[in-house]
There are 2 protein chains.
Amino acid sequence: MANAAVVLLSGGLDSATALAVAREFHFDCYALSVEYGQRHRAELAAAARIARVLGAREHRTMRVDLAGIGGSALTDLRVPVPEGPSAGIPITYVPARNTLLLALALGWAEVLGARDVFIGVNVLDSSGYPDCRPEFLAAFQALAALATRAGVEGQAARIHAPLLALTKAQIIATGMRLGVDYAATVSCYQADEAGRACGRCDACRLRRAGFESAGVADPTRYR
Amino acid sequence: MANAAVVLLSGGLDSATALAVAREFHFDCYALSVEYGQRHRAELAAAARIARVLGAREHRTMRVDLAGIGGSALTDLRVPVPEGPSAGIPITYVPARNTLLLALALGWAEVLGARDVFIGVNVLDSSGYPDCRPEFLAAFQALAALATRAGVEGQAARIHAPLLALTKAQIIATGMRLGVDYAATVSCYQADEAGRACGRCDACRLRRAGFESAGVADPTRYR
């Protein structure tokens, strides 16, 4: 029987690729999306489609009202999404987001008896978020060994970030090889209801540059 | 001006005492309750009262649907709450709960610019949950330094667990000194709507023994 893995799936390009990688390694995938009050809800609809197409065993969406704490352009509608490059950590950073996502994944993994968790973070072509760095992931791995019943029993889930050191172009090349339909993914921070992208935010710019540099026609639907 | 602190407040005996300790240290307290699908919702009503009485600046309740992942007697109504002592980690353990609670507190602290987070865990008279141990807290502290913008800027929130090494009797003595009204707190895992305790679950037994050993009349309302 295949090993079970929890795969964090936002519906964007990176997490769709992470799911495809987990499937390539023969994991029985439990895809987890988190509705944390993000603007770009079209991502969540995309996640459901991607989970189905890429053969996830189950797809679950959990709600956490991060919008209640605000502090990010992704969860606070009063804060505009920047449309040019920003210095340092951008305002689209969501405080403690990946800690929270991994905590939910860890909890579900423990209930499922899954020993593996996948997250599609990458450090090179990312936006400089602190919780996309290898040292953050190492610290979460150390925490997982102490935080859970499985950890106490020496069976802590392993946190996999297979895209961590890849460029956006390499991620896209990986996904193309594994049959990911990137037209179905939504990366834009301010996608409209139909999932069409603005083409101007940080996520759109990184994504477009990735397709260009991978030599792949950009399938993104822009509005 | 007083320093701001986020205080995790379940509405139980321990977290009420942690809030009183934070107030004793002159923190401006932002109390955070999390509705994670727990059976004992009376705790949340208690939390609102306690936050008010103990002078929290603000009290916020965030929702996270941990019931969706199940795996615990506290979130899965089909799993009965045990009424006798259990060996090892009991079924009332909620997978990855304190990781999640601290992630939410960390996120809110960052938005508030708060440098301190209080959590009322204690290891001695606890139920053997892995995420109440000092090594878990140390690992979360290490994570906090890497997970957030504040951490990157060398301003990571400090995680305080002032009750960590105290017995239940010592916690109660601390709270009595600081004027905590324990009649307002709800610890029972299966309290009824009015907040009345069963007197038989693990939480009730630890609490009752604590009052006895502290030489304080037990103000708990049993049903």
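This is a predicted model: local features need pLDDT of at least 70, side-chain atom pairs count only at pLDDT 80 or more; totals for chains, interfaces and linings use all residues.
**Entry: Leu206(A)**

I looked up Leu206(A) and found it in helix 7 of chain A, which covers residues 202–214. I counted 18 C-beta neighbours inside 10 Å, so Leu206(A) goes down as partly exposed. I then took the C-alpha to C-alpha distance from Leu206(A) to Cys188(A) and got 10.0 Å, for two residues that are 18 apart in sequence.

**Entry: His26 in both chains**

His26(A) sits in the loop that joins helix 1 (13–24) to strand 2 (28–35) of chain A. Is His26(A) buried or exposed? I count 10 other C-beta atoms within 10 Å, so His26(A) is exposed.

His26(B) lies in the loop between helix 1 (13–24) and strand 2 (28–35) of chain B. With 10 other C-beta atoms within 10 Å, His26(B) is exposed.

**Entry: chain A as a whole**

I list 7 helices and 5 strands for chain A. Following the sequence, I read their order as β-α-β-α-β-α-β-α-α-β-α-α. I compared the radius of gyration with the globule rule: a compact globule of 223 residues would have a value near 17 Å, and the 16 Å of chain A agrees with that.

I also checked burial and contacts. Of the 223 residues in chain A, 55% are buried. Among the contacts in chain A with a separation of 6 or more, 71% join residues 24 or more positions apart.

**Entry: how the two copies are related**

I superposed chain B on chain A with a rotation of 180 degrees and 0.0 Å of shift along the axis, at an RMSD of 0.0 Å. The two copies are thus related as by a two-fold rotation axis. In chain B, the C-alpha nearest this axis belongs to Val64(B), at 2.3 Å.

**Entry: the contact between the chains**

I count 39 residues from chain A and 39 residues from chain B in the contact. On the side of chain B that touches chain A, at least two residues each come from strand 3 (58–63), helix 3 (97–112), helix 4 (134–147) and helix 5 (149–152). Helix 3 of chain B gives the largest share of that side, 10 residues. Sorted by class, the side of chain B has 23 nonpolar, 8 polar and 8 charged residues. Of the interface residues of chain B, 100% are also interface residues in chain A, so the copies meet through the same surface.

**Entry: helix 3 against helix 3**

At what angle do helix 3 of chain A and helix 3 of chain B pack? I get about 170 degrees, with the axes 9 Å apart. Since angles over 145 degrees count as roughly antiparallel, the two helices are therefore roughly antiparallel to each other. Thr99(A), Leu100(A) and Ala103(A) are among the residues making this contact, and so are Thr99(B), Leu100(B) and Ala103(B).

Notes: Residues are numbered from 1 along each chain as its sequence is written. Chains are lettered from A and ligands numbered from 1 in the order in which they are written. Helices (H or I, at least four residues) and strands (E, at least two) are DSSP runs, numbered from the N terminus. The radius of gyration is taken over C-alpha atoms; the globule rule is 2.2 Å times the number of residues to the power 0.38. A residue is buried if 20 or more other C-beta atoms lie within 10 Å of its own, exposed if 12 or fewer, and partly exposed in between; C-beta atoms are placed from the backbone. Two residues are in contact if their C-beta atoms, placed from the backbone, lie within 7 Å. Ala, Val, Leu, Ile, Met, Phe, Trp, Tyr, Cys and Pro count as nonpolar, Asp, Glu, Lys and Arg as charged, and the others, Gly among them, as polar. Copies are superposed by least squares on the C-alpha atoms of residues with pLDDT of at least 70 in both. Axes are lines fitted to C-alpha atoms, for helices over the stretch in contact, and angles run from 0 to 180 degrees between N-to-C directions. Angles under 35 degrees count as roughly parallel, over 145 as roughly antiparallel, 65 to 115 as roughly perpendicular and the rest as oblique.
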